[in-house]
Amino acid sequence: MKDKERKIDETKITGFFDDGTEFNGELKFKGSFRVDGFFRGRIDSESHLIIGERGKVEADVHVSFALINGEFRGTIVATERIEIHSRGRVFGTIQAPKLVIEEGAYLEANCQTLESKSTEDEVKSIIEQ
C-alpha cells in the first residue's frame, strides 16, 4: 500500500500547547502552531507561530509568520511578517520584512525590517533582464 503524500495547509493549526502546558526544548513544525501555555527553547519552522493571550514564549524563533497576542521574550526572525496584537508584549529582538503593531501592544525590543525574499527575487529578475 502506497502512502499518500499529505499536504499541509499553512493557515490551519496543526499543533497546540494549551494553557497549563509547560515545555522546554526544541520545536519544529509544519502548518500553524499555537502556544497558550509556556514554551522555552528554540523554534524553527517555515510556517506560522501564534502566541495566544495566555501564551508565554522565551525562545530563539525562526518562522515565516508570527502573531503575538501573549508574551514573547527572546529573538524572533520572520521571513514574511510579525504582528503584535493589542494584548501582545514583546521583549528582545525582532526582525521581519513587515512589522505590524496594534495600539495597546507593549514593545521593548530592537526592531529591524528585512528585505522580503520575494522583493529580493523581483530585484534579481529585473537586474538579470
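Over the ring of which residue does the charged end of arginine 73 sit?

1. The charged end of arginine 73 lies over the ring of phenylalanine 91, 3.9 Å from the ring centre. A charge sits over a ring if NZ of Lys or CZ of Arg is within 6 Å of the ring centre and within 35 degrees of the ring normal.

2. This is a predicted model, in which local features need pLDDT of at least 70, side-chain atom pairs count only at pLDDT 80 or more, and totals for chains, interfaces and linings use all residues. Residues are numbered from 1 along each chain as its sequence is written, and side-chain values use heavy atoms, with hydrogens and water left out.

3. Rings of Phe, Tyr and Trp (its six-membered ring) pair if their centres lie within 6.5 Å; planes under 30 degrees apart are stacked, over 60 edge-to-face, and the rest tilted. By this rule there are six aromatic pairs. Phenylalanine 23 and phenylalanine 39 are stacked because their ring centres are 5.7 Å apart and their planes meet at 15°. The two belong to distant parts of the chain, 16 residues apart: phenylalanine 23 in strand 2 (residues 22–28) and phenylalanine 39 in strand 4 (residues 38–44). Strands (E, at least two residues) are DSSP runs, numbered from the N terminus.

4. Buried means under 20% relative accessible area, exposed over 50%, and partly exposed in between (1.4 Å probe, protein chains only). Phenylalanine 23 is partly exposed at 32%, whereas phenylalanine 39 is buried at 0%.

5. Phenylalanine 29 and phenylalanine 33 form a tilted pair, with 5.2 Å between centres and 35° between planes. Phenylalanine 29 is buried at 11% relative accessibility, and phenylalanine 33 is buried at 7%.

6. Phe17, Phe23, Phe29, Phe33 and Phe39 together make up one aromatic cluster.

Technical notes
Helices (H or I, at least four residues) and strands (E, at least two) are DSSP runs, numbered from the N terminus.
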